[in-house]
Amino acid sequence: MVKVQWYPGHMEKARRQMTERLKAVDLIIELRDARIPEASTNPMLNMMAQGKPRLIVLAKTDMADPVQTEKWVRALRKDNQSCLAVDLMRDSSAGKKIIREALVLMKPKRDKQRARGINPRAVRAMACGIPNVGKSTMINRIAGKNTVKAADKPGVTRSLTWIHADPQLELLDTPGVLWPKFDDEMTGSLLAALGSINDDILDRKMIAMDAIHVIQDLYPGKLEEIYESGEVNPNGMLKAIAAKRRCLRENGEADTKRAAELFLTELRHARLGRLSLEHAKDENSEENAE
Ligand code: G4P
């Protein structure tokens, strides 16, 4: 299993920044990767979000297993929390859907204000999400222009950027530097497999083998079919991938390092099909607390 380091210094700085920002907002819009809805949450947010309504947006649904995405959306909807699944790349109305859902979530509070004769101001929402999850893309979809990219130049601070996304919604961006504390090694491994963690310092062969193991468990027969191999052992499967994709050394031996890199690229771009690497618990299961 891949060991991913956690840096307490980064965590502390991020925690301070997050506490400050949370004071200024009515609502949290948390972006997660639809293929790994649990691993891509920031545990720090769970610790700190106390009581704030939360809209979870599952992004990259075009690459996730649609059956699982539907289950996750249902599982993640609960009191004071809503969930939407969107394809930020192709769905041009994704931004509107997010704004609408945010307003639905804030409706009880705004109705109460109206009942007291107060005209509610625009909802203030904080957008957050781990790096590479699609946060800039989402903000641009919501704001309808390249607001984030424009502000993301060297020397231009992004520390407290309010984006007037809509007359009824203002968005606060948070830098994607939040470094999650990984509760277990599989979380780090899944994030690395889908490219949320810079994998230059990690052992890609290990990451690939972890991902192979997960896919073999969740989608039996899938890799066997693609790579035409009956290998059940992840290392053996890596060798089969090397053979199938012709990653061979000069002496004809399997180059499993190159095969691992190729496999991860194929996985990250959904060339193996629409796969979710975390499955929602069965709705009838008693364990299903979320
Ligand atoms: P960030 O601000 O959270 O770091 O993420 P950003 O919006 O920059 O998006 C990261 C990558 O994910 C981008 O690809 C972006 O196009 C892609 N992306 C975002 N949302 C979706 C989605 O719903 N579906 C798909 N298929 N892709 C999405 P990129 O610039 O090519 O980066 P990379 O893929 O090489 O990492």
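Just after helix 5, Gly-144 adopts a positive phi of about 75 degrees. Helices are DSSP runs of H or I with at least four residues, numbered from the N terminus. The model is predicted, and local features were required to have pLDDT of at least 70, side-chain atom pairs counting only at pLDDT 80 or more, whereas totals for chains, interfaces and linings use all residues. Residues are numbered from 1 along each chain as its sequence is written, and side-chain values use heavy atoms, with hydrogens and water left out.

Within helix 5, the buried residues are Lys-135, Met-138, Ile-139, Asn-140, Ile-142 and Ala-143; buried denotes under 20% relative accessible area, exposed over 50% and partly exposed the range in between, for a 1.4 Å probe and protein chains only. Helix 5 (residues 135–143) packs with helix 4 (residues 94–115) at an angle of about 80 degrees, their axes lying 7 Å apart. Axes are lines fitted to C-alpha atoms, for helices over the stretch in contact, and angles between N-to-C directions run from 0 to 180 degrees. Helix 4 and helix 5 are therefore roughly perpendicular to each other, a class that spans 65 to 115 degrees, with angles under 35 counted as roughly parallel, over 145 as roughly antiparallel and the rest as oblique. Helix 4 contributes Ala-94, Gly-95, Ile-98 and Ile-99 to the contact, and helix 5 contributes Met-138, Arg-141 and Ile-142, where contact means heavy atoms within 4.5 Å. By class, this contact of helix 4 with helix 5 comprises 5 nonpolar, 1 polar and 1 charged residues.

In helix 10 (residues 234–244), Pro-234, Gly-236, Met-237, Leu-238, Ala-240, Ile-241 and Ala-242 are buried. The cover over these buried residues includes helix 8 (204–218), helix 9 (222–227) and helix 11 (256–268). At the start of helix 10, a side-chain oxygen of Asn-233 comes to within 2.8 Å of the backbone nitrogen of Asn-235. Just after helix 10, Arg-246 has a positive phi of about 55 degrees.

The loop between helix 7 (185–193) and helix 8 holds Ile-197, which counts as buried at 6% relative accessibility. Ile-197 and Asn-132 are separated by 65 residues in sequence and by 8.4 Å in space, C-alpha to C-alpha.

The structure contains 0 disulfides, a disulfide being defined as a pair of cysteine sulfur atoms within 2.5 Å. Cys-83 is buried, with a relative accessible area of 0%, and Cys-128 also counts as buried, at 2% relative accessibility.

Key. Helices (H or I, at least four residues) and strands (E, at least two) are DSSP runs, numbered from the N terminus. Ala, Val, Leu, Ile, Met, Phe, Trp, Tyr, Cys and Pro count as nonpolar, Asp, Glu, Lys and Arg as charged, and the others, Gly among them, as polar. A polar contact is a pair of N or O atoms within 3.5 Å; within protein, one must be able to donate a hydrogen and the other to accept it, and residues adjacent in sequence count only if both atoms are side-chain atoms.
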